[in-house]
Amino acid sequence: VERFSRFRHKVVRQGNKAYWITDRNFDLNSHIHRIALPPPGDKTALQDFISDLMSTPLDFSKPLWQMHYIENYGEGSVLLMRLHHCIADGIALMHVMLSSTDTDPDAPYPTPPERQERHSPGWLESTLRSALGMVSTARKVTDTLIHEGLETLTNPSHALDLASQGASAAAALGKILLLGPDPHTVYKGSLGVSKRVAWSQAIPLANVKLIGKALGGTVNDVLLTAMTGALRRYMEFRDDPTDGINIRAMVPVNLRPLEEAYKLGNRFGLIYLSLPIYLVDPRERLHELKQRMDDIKNTPEALVAFQILNTLGLMPIQVADQMVNIFGMKSSAVMTNVPGPRQAVYFAGQKIVTNMFWVPQSGRMGLGVSIFSYNDTVVLGIATDTGLVPDPEKINEYFEQEFVDLLAFAQQTQTLAHPALAAPTEPAAATPAPD
């Protein structure tokens with residue numbers, strides 16, 4: 001909050017516009033909370049607590065963020081952060097959070113910056129230098145999970161190059177505007193207040209790459225294939241027809257150079273990816289998804305959507321809300337992935353065992369899918385509207401089953417280079433709870 005002034009700002013509405021103003025009554029104690037899970041302090045208890053918080057709007061009379069330090073989670077603890085998307089996008093917020101971590105458990109505590117008057121030029125210069133230094137630290141512990149996937153997801157300049165080279169922005173705009181509503185499935189409907197979250201077990205990134213190499217896809221292709229299969233299985237579980245069904249996912253695309261993460265704000269476009277729910281065979285599904293992703297890769301669709309979002313930000317709130325709903329009708333889910341550190345990092349000297357985030361759902365979309373990479377593992381998060389999907393943990397179970405099936409196919413087509421990559425033939429021993 002000293003180095004990023006946005007965390008001291010609150011949002012106020014005046015007429016049809018919303019503005020940032022400094023909260024003159026800012027109190028850190030209003031944003032940081034310490035609680036303990038009730039016994040037995042297991043994953044179900046944590047899931048219930050996070051779901052309750054997700055169902056509770058942030059207080060607009062204060063800056064739009066909270067931290068909850070949660071004790072009694074097994075033998076460890078949890079740091080849960082709630083941040084409104086108007087503060088920044090996922091890439092920027094990840095750099096802010098990683099700037100509070102270290103790669104060494106014995107790293108010294110940072111020296112707090114001296115408090116100075118906010119109008120002082122020296123304050124501005126030192127703050128900018130500090131922020132840049134924090135981003136530099138964050139970049140040292142960050143690498144991309146999705147470097148093998150859609151190029152515009154990790155290379156913003158590629159999207160800009162497409163526009164400058166005369167790629168058909170008009171065609172991309174026409175495609176976006178002419179998309180009809182997504183089909184009615186268990187994932188579409190009126191949204192309520194209650195939300196529900198779930199998350200998967202950590203999956204070794206080496207296994208994801210193994211599948212991609214064996215079946216001819218990228219890391220993204222593999223994860224999207226397993227996710228699409230999980231959504232299909234859940235629809236079958238709910239007796240929802242899947243024959244001939246495609247549903248669209250709205251996929252945010254990063255348009256921000258990583259060295260500008262300290263600026264916060266939102267710099268992302270959107271693409272609509274059609275998921276072939278109707279395909280049963282996971283190999284066919286992977287190849288179809290890869291083709292669809294490749295078709296999007298060399299279009300300026302994400303940049304066009306970014307310009308539309310910018311335009312919406314200048315419109316009266318009522319008009320912008322209606323436009324968001326129209327865009328939301330065209331898809332059933334938000335799907336996003338954010339790259340995290342490729343090695344373990346430490347917070348206040350303690351090793352962070354697992355990282356996870358959940359993407360908010362806007363407009364008329366009640367399903368959010370998030371993928372996060374950390375320490376050479378991948379975790380899938382699901383956030384749902386309880387009235388539509390009351391049991392998102394089942395989607396996670398189906399995702400893990402789909403991944404096991406893909407790994408089995410990969411093992412049939414390729415000799416494993418290392419025995420540690422093989423699927424276990426006996427139940428794995430229970431992993432002790434982390435300190």
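Which elements each supply at least two residues of the lining of the largest cavity? They are α8 (219-237), β10 (333-339) and β13 (367-374), where helices (H or I, at least four residues) and strands (E, at least two) are DSSP runs numbered from the N terminus. The model is a predicted one, in which local features need pLDDT of at least 70 and side-chain atom pairs count only at pLDDT 80 or more, while totals for chains, interfaces and linings use all residues. Residues are numbered from 1 along each chain as its sequence is written, and side-chain values use heavy atoms, with hydrogens and water left out.

By class, nine of the lining residues are nonpolar, three are polar and none is charged; here Ala, Val, Leu, Ile, Met, Phe, Trp, Tyr, Cys and Pro count as nonpolar, Asp, Glu, Lys and Arg as charged, and the others, Gly among them, as polar.

Helix α8 also meets α7 (residues 205-215): their axes come within 8 Å and cross at roughly 95°, the axes being lines fitted to C-alpha atoms over the stretch in contact, with angles from 0 to 180 degrees between N-to-C directions. The two helices are therefore roughly perpendicular to each other, a term that covers 65 to 115 degrees. Leu205, Val208, Lys209, Ile211 and Gly212 of α7 make the contact with Val219, Val222 and Leu223 of α8, contact meaning heavy atoms within 4.5 Å.

Elsewhere, an open sheet of three strands has the order β3-β4-β5 with mixed pairing, two strands being paired if DSSP finds at least two bridges between them. Because β3 (32-36) and β5 (76-83) stand at the edges with a single partner strand each, one side of each is left without a neighbour in the sheet. Strand β4 (residues 65-73) runs antiparallel to β5, joined to it by seven bridges, and isoleucine 70 stands opposite valine 78 in β5.

Terms used. Parallel < 35°, antiparallel > 145°, perpendicular 65-115°, else oblique.
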